[in-house]
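Please keep the sequence and the structure in view while reading.

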Amino acid sequence: MTTILIGHRGAGKTSLLRRIKTYLPDAYCFCLDEEVERRFGSIDELFAQGESVFREFEKRVFHELIELARTAKLSFIAVGGGFEGDIPKECRVLWVQRTLDLSQFVFLDRPSLSADPEDPRIPLERYKARQQRYRA
């Protein structure tokens, strides 16, 4: 069984994934962002080529991880906050959330998603759209 961890960046998906690996050492555990970076370079570099370039690499690696996960009894994949790929119906989805003021959605270690590259916050429109997608 594969469980996909979804949620906004900074919600704790990767931290939870590491804790799961501690408790379930035989489970396959993957952070999609880390796997993309390991194979294709830093997220910043990929985003510099355009968000759509990064999203294509992200989808490709996600499908590879899903295939690998099918060989395990138990697997977990944490996807990035903006992941837009299709999640297979046989997968469980765990929405990782934490109470967070929108003004705290500042991440200096990730590409800016704002129209203003100097503004490190997640634009409110993207936040709301992602909330709707996570609920679905």
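In this predicted model, helix H4 comprises 19 residues and spans 26 Å between its first and last C-alpha, which is close to the 27 Å expected at 1.5 Å a residue. Its buried residues are Phe54, Arg55, Phe57, Glu58, Val61, Phe62, Leu65, Ile66 and Ala69, a list that includes the charged residues Arg55 and Glu58.

The partner considered here is helix H2, residues 32-40, whose axis comes within 9 Å of the axis of H4, residues 51-69, at a crossing angle of roughly 105 degrees. Since angles from 65 to 115 degrees count as roughly perpendicular, the two helices H2 and H4 are therefore described as roughly perpendicular to each other. On the H2 side the contact is made by Leu32, Asp33, Glu35, Val36, Arg39 and Phe40, and on the H4 side by Phe54, Phe57, Glu58, Arg60, Val61, Phe62, Glu64 and Leu65. Sorted by class, this contact holds 8 nonpolar and 6 charged residues, with no polar ones.

Val36, once its neighbours within four places in sequence are set aside, is in contact with Gly41, Leu46, Phe54, Phe57, Glu58 and Val61. Arg39, also in helix H2, touches Val61, Glu64 and Leu65 when residues up to four places away in sequence are not counted. With a relative accessible area of 32%, Arg39 is partly exposed, because that value falls between the 20% limit for buried and the 50% limit for exposed residues.

Two pairs of residues that are separated in sequence can be set side by side, with distances taken from C-alpha to C-alpha.

| Pair | Separation in sequence | Distance in space |
|---|---|---|
| Arg39 and Phe57 | 18 residues | 9.2 Å |
| Cys29 and Ala78 | 49 residues | 8.1 Å |

Cys29, listed in the table, belongs to strand E2, which covers residues 28-31. Leaving out neighbours within four places in sequence, Cys29 is in contact with Leu17, Ile20, Lys21 and Phe76.

The nonpolar cores come next. The largest of them has 19 residues, and those with the most contacts inside it are Ile4, Leu32, Val36, Phe62, Ile77 and Val79. Strand E1 (2-6), H2, helix H3 (43-48) and H4 are the elements that give two or more residues to this core, and the largest share, 6 residues, comes from H4. Apart from this core lies another, of 9 residues, among them Ala11, Ile20, Ala27 and Cys31. In soluble globular proteins, nonpolar side chains tend to be buried together.

For the protein chain as a whole, there are 5 helices and 4 strands, and from the N terminus on the elements run β-α-β-α-α-α-β-β-α. Of the 136 residues in the protein chain, 43% are buried. Among contacts with a separation of 6 or more, residues 24 or more positions apart account for 69%.

Key:
Residues numbered from 1 in each chain as written. Predicted model: local features only at pLDDT ≥ 70, side-chain atom pairs only at ≥ 80, totals over all residues. Heavy atoms only, no water. Axes fitted to C-alpha atoms, helices over the stretch in contact; angles between N-to-C directions. Parallel < 35°, antiparallel > 145°, perpendicular 65-115°, else oblique. Contact = heavy atoms within 4.5 Å. Expected span 1.5 Å × (residues − 1). Buried < 20%, exposed > 50% of the residue type's maximum accessible area, 1.4 Å probe, protein only. Core = buried A, V, L, I, M, F, W, Y, C linked by side-chain atoms within 4.5 Å.
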